[in-house]
Amino acid sequence: MKIMFKYSEWVLTIIVLLFALAGCGKEEKQFDFDNVAAVKIYTAQEEEVKQILSQKQTQQLIRQIGEIVWQEQKDEDTSEYEEWVYRIQCFSPKGEKKQNIYICSDSRILYKDYFWDAEEGSLDMTIYEKLFQQD
């Protein structure tokens, strides 16, 4: 009986450690934006807007977001967050508005009401900067 109790303790300890090593339930994700056909990109002040209708150029602009592995930050409140740099309004091939992507920095986005931090790599912000430098 005593051996069975020690065995149960070890099994329970291993299970607890597995949950702890699994990242405490934080979700990691790569986003698929293949179905985005056009975008509007806004600057933080929303004084400037660029509309991109070409699907090729659209994919070039958002591909880098989809290539990064993001870790969800569920414990941070996003309800009144306004300190983003660029907002990307996505549109489907039928012209329907899709979810906004808020670029907060080269390693953080706000998407679907959660902050996501880059696990590895970062966004090339010059791609968006150059877009607004063009006439």
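This report describes the fold, the sheet and the helix packing of a predicted protein model.

## Basis of the description

The model is predicted: local features need pLDDT of at least 70, side-chain atom pairs count only at pLDDT 80 or more, and totals for chains, interfaces and linings use all residues. Residues are numbered from 1 along each chain as its sequence is written, and side-chain values use heavy atoms, with hydrogens and water left out.

## Overall architecture

The protein chain contains 3 helices and 8 strands. These elements are DSSP runs numbered from the N terminus, with helices (H or I) of at least four residues and strands (E) of at least two. Along the sequence they follow the pattern α-β-β-β-α-β-β-β-β-β-α.

Of the 135 residues in the protein chain, 35% are buried. Here buried means under 20% relative accessible area, exposed means over 50%, and partly exposed lies in between (1.4 Å probe, protein chains only). The accessible surface of the protein chain is about 9300 Å², and carbon and sulfur atoms contribute 50% of that surface; areas come from the Shrake-Rupley method with a 1.4 Å probe, and for residues only the protein chains shown count as cover. Among contacts (heavy atoms within 4.5 Å) with a separation of 6 or more, 61% link residues 24 or more positions apart.

## The sheet

The 8 strands form an open sheet in the order S1-S4-S8-S7-S6-S5-S2-S3, with antiparallel pairing. Two strands are taken to pair if DSSP finds at least two bridges between them.

S2 and S5 run antiparallel and are joined by 6 bridges, with Lys40 having Gln89 in S5 as its bridge partner. Strand S5 (residues 86-91) in turn pairs with strand S6 (residues 97-105) over 5 bridges in the antiparallel sense, and Tyr86 is bridged to Ile103 in S6. On the other part of the sheet order, S4 pairs with strand S8 (residues 114-118) over 4 bridges, also in the antiparallel sense; the bridge partner of Glu72 is Trp116 in S8.

## Hairpins

The hairpin of S5 and S6 has 5 residues between the strands, and Gly95 within the hairpin takes a positive phi near 85°. S6 continues to S7 through a hairpin of 2 residues. S6 and strand S7 (residues 108-111) run antiparallel and share 4 bridges, and Ile101 stands opposite Tyr111 in S7.

The hairpin of S7 and S8 has 2 residues between the strands, and Lys112 takes a positive phi near 55° there. These two antiparallel strands are joined by 4 bridges, with Arg108 having Asp117 in S8 as its bridge partner.

## Helices across the sheet

H2 lies across S2, S3, strand S4 (70-73), S5, S6 and S7, at about 65° to S2. H3 lies across S2, S3, S5 and S6, at about 85° to S2. Axes are lines fitted to C-alpha atoms, for helices over the stretch in contact, and angles run from 0 to 180 degrees between N-to-C directions.

Two packed helices are described by the angle and the distance between their axes. The axes of helix H2 (residues 55-67) and helix H3 (residues 126-133) come within 10 Å and cross at roughly 150°. Gln57, Leu61, Gln64 and Ile65 of H2 meet Ile127, Tyr128 and Leu131 of H3 in this contact. The residues of the contact divide into 5 nonpolar, 2 polar and no charged, where Ala, Val, Leu, Ile, Met, Phe, Trp, Tyr, Cys and Pro count as nonpolar, Asp, Glu, Lys and Arg as charged, and the others, Gly among them, as polar.

Tyr128, Leu131 and Phe132 of H3 are buried. Viewed down the axis of H3, the buried residues fall within an arc of 90°, so they line one face of the helix; the arc is that of the directions from the helix axis to the C-beta atoms. These buried residues pack against strand S2 (38-43), strand S3 (49-52), H2, S5 and S6, while the face turned away from the buried side carries the exposed residues Lys130 and Gln133.

In helix H2 lies Thr58, a buried residue with a relative accessible area of 0%. Leaving aside residues up to four places away in sequence, Thr58 touches Val36, Ala37, Ala38, Val39 and Ile52. Thr58 and Phe33 are 25 residues apart in sequence, and their C-alpha atoms are 9.8 Å apart in space.
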